[in-house]
Amino acid sequence: MNKSDSVFVAGHRGLVGSALVRRLQRDGFERLLLRTSAELDLRNQAAVEGFFNTERPAYVFLAAARVGGIHANNSYPADFIRDNLQIQTNVIDAAYRYGTQKLLFLGSSCIYPKHAPQPMSEDCLLTGPLEPTNEWYAIAKIAGLKMCQAYRRQYGFNAISVMPTNLYGPGDNFDLQSSHVLPALIRKFHEAKERGDATVQIWGTGTPRREFLHVDDLADACLYLMDRYEEEQLINVGWGKDVSIAELADIVANVVGFRGGLTFDCQKPDGTPRKLLDTSRVARLGWSPTIELRHGIQSTFEWFRSNLNETRGTSI
Ligand SMILES: NC(=O)c1ccc[n+]([C@@H]2O[C@H](COP(=O)([O-])OP(=O)(O)OC[C@H]3O[C@@H](n4cnc5c(N)ncnc54)[C@H](OP(=O)(O)O)[C@@H]3O)[C@@H](O)[C@H]2O)c1
């Protein structure tokens, strides 16, 4: 990519999209094409066509999606599969037909089978059943990456697919009902500290192991791959190491300054014992993450505190 190229960041207000915009702006890209979902509903094929016909973006980062936790996936399976299929089909097809030079599609580690061997390599795609709670979302994402592969094979369209691990960072969702574990812990410990609580209760036994990547590292990887990766095969991007939920809770408590104790609610489900991506392919291409978990949590907590009233799920 050259700094003078026009770049469409679809989903620029989201966790991933906003990190991409921060990074592109820092690098001096001046022709960023940004539309909110209210300005351009990517489910609407005619609107997407009109946008691509007028703007003709040279590069597209497809970070727009209907995203949610287990509860949302379970409650709205039709919305999840339809919206994601529509968004990605419209954008990938229009990008190809209106001359986009390259498109980067963002998937998720939930595309891999529920019982995939750990760490999960790109090769375990479609080797077993999915986690039933988010299969609607996962099936849509698999269709998206397959569409990128098919357009490359049939039309020679330069589309690549990146599968990130669990992400965190500025702009995350801190709503306790719908957030992921890391932002939920930041909020829980912060509120417990403010109230002067003696203990904080963590869901489950604390033993499951999970991987977390700072979203600024993901943005760095996306730019790196946009410039250097041209293959049909999807590519994992992760931190490469995992921590137990108990270890994670300790780090968050420490960063937030919560001095009380931790208890574990073992009645709550633990989920999969371990979820870690095999990141050896991206490492062989020369990319590795740089933001240590503790530092990343520290800066995310600072962002959370200074955006308390605007942050998703934090306003009273
Ligand atoms: N967060 C994670 O831990 C994680 C992990 C792995 C992969 N990913 C992947 O990264 C991508 C982005 O996730 P995220 O966490 O950044 O999501 P997010 O914070 O929920 O942001 C999603 C963005 O999509 C846009 N969007 C949704 N529906 C739209 C529509 N109909 N038309 C136009 N725009 C629409 C929203 O735009 P508005 O704000 O304008 O409404 C929003 O900015 C997803 O594909 C996800 O699978 C995320």
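Buried here means under 20% relative accessible area, exposed means over 50%, and partly exposed covers what is in between, using a 1.4 Å probe and protein chains only. The model is predicted, so local features need pLDDT of at least 70 and side-chain atom pairs count only at pLDDT 80 or more, while totals for chains, interfaces and linings use all residues. Residues are numbered from 1 along each chain as its sequence is written, and side-chain values use heavy atoms, with hydrogens and water left out.

With a relative accessible area of 7%, phenylalanine 29 is buried. Its place is in the loop between helix H1 (15–26) and strand E2 (31–33); helices (H or I, at least four residues) and strands (E, at least two) are DSSP runs, numbered from the N terminus. Contact means heavy atoms within 4.5 Å. Setting aside neighbours within four places in sequence, phenylalanine 29 is in contact with Met1, Asn2, Lys3, Asp5, Val7 and Leu24. Its C-alpha atom is separated by 14 Å from that of aspartate 220, 191 residues apart along the chain.

Two packed helices are described by the angle between their axes and the distance between the axes. Axes are lines fitted to C-alpha atoms, for helices over the stretch in contact, and angles run from 0 to 180 degrees between N-to-C directions. H1 and helix H7 (residues 215–228) pack at about 65 degrees, with axes 9 Å apart. H1 passes H7 in a right-handed crossing; a crossing is right-handed if the near helix is turned clockwise from the far one by less than a right angle, and left-handed if anticlockwise. On the H1 side the contact is made by Leu15, Val16, Ala19, Leu20, Arg22, Arg23 and Leu24, and on the H7 side by Val215, Asp216, Leu218, Ala219, Asp220, Cys222 and Leu223. By class, that contact has 10 nonpolar, no polar and four charged residues. For this count Ala, Val, Leu, Ile, Met, Phe, Trp, Tyr, Cys and Pro are nonpolar, Asp, Glu, Lys and Arg are charged, and the others, Gly among them, are polar.

Next up is the pair H6 and H10. The axes of helix H6 (residues 181–195) and helix H10 (residues 293–306) come within 11 Å and cross at roughly 60 degrees. H6 and H10 are therefore oblique to each other, given that angles under 35 degrees count as roughly parallel, over 145 as roughly antiparallel, 65 to 115 as roughly perpendicular and the rest as oblique. H6 passes H10 in a right-handed crossing. Leu182, Ile186, Arg187 and His190 in H6 meet Leu293, Ile297, Thr300, Phe301, Phe304 and Arg305 in H10. The class tally for this contact is six nonpolar, two polar and two charged residues.

As for the interior, a nonpolar core is a set of buried Ala, Val, Leu, Ile, Met, Phe, Trp, Tyr and Cys residues joined through side-chain atoms within 4.5 Å. The largest one has 40 residues, of which Phe8, Leu42, Phe52, Ile92, Leu103 and Tyr112 touch the most other members. Two or more residues come from each of strand E1 (6–10), helix H2 (45–55), strand E3 (59–62), helix H4 (77–97), E4, H5 and strand E5 (159–164). H5 gives the most to this core, with seven residues. Apart from this core lies another, of 36 residues, among them Val16, Tyr59, Tyr229 and Trp239. Leucine 42 touches Phe8, Ala10, Val48, Ala64, Gln86, Ile87, Asn90 and Val91, not counting residues up to four places away in sequence.

The loop between strand E4 (102–106) and helix H5 (135–155) holds serine 108, which is buried at 16% relative accessible area. Beyond four places in sequence, serine 108 touches Tyr137, Met163 and Pro164. Cysteine 124 lies in the loop between E4 and H5 too and is buried, at 8%. Leaving out residues up to four places away, cysteine 124 touches Tyr112, Pro113 and Ala116.

Then there is the backbone. Most residues other than glycine have a negative phi, and most peptide bonds are trans. A cis peptide bond joins glutamine 118 and proline 119, with omega about -10 degrees; proline 119 lies in the E4–H5 loop. Leucine 126, found in the loop between E4 and H5, has a positive phi of about 60 degrees although it is not a glycine, and counts as exposed at 55% relative accessibility. Arginine 56, in the loop between H2 and E3, has a positive phi of about 45 degrees and is partly exposed, with a relative accessible area of 43%.
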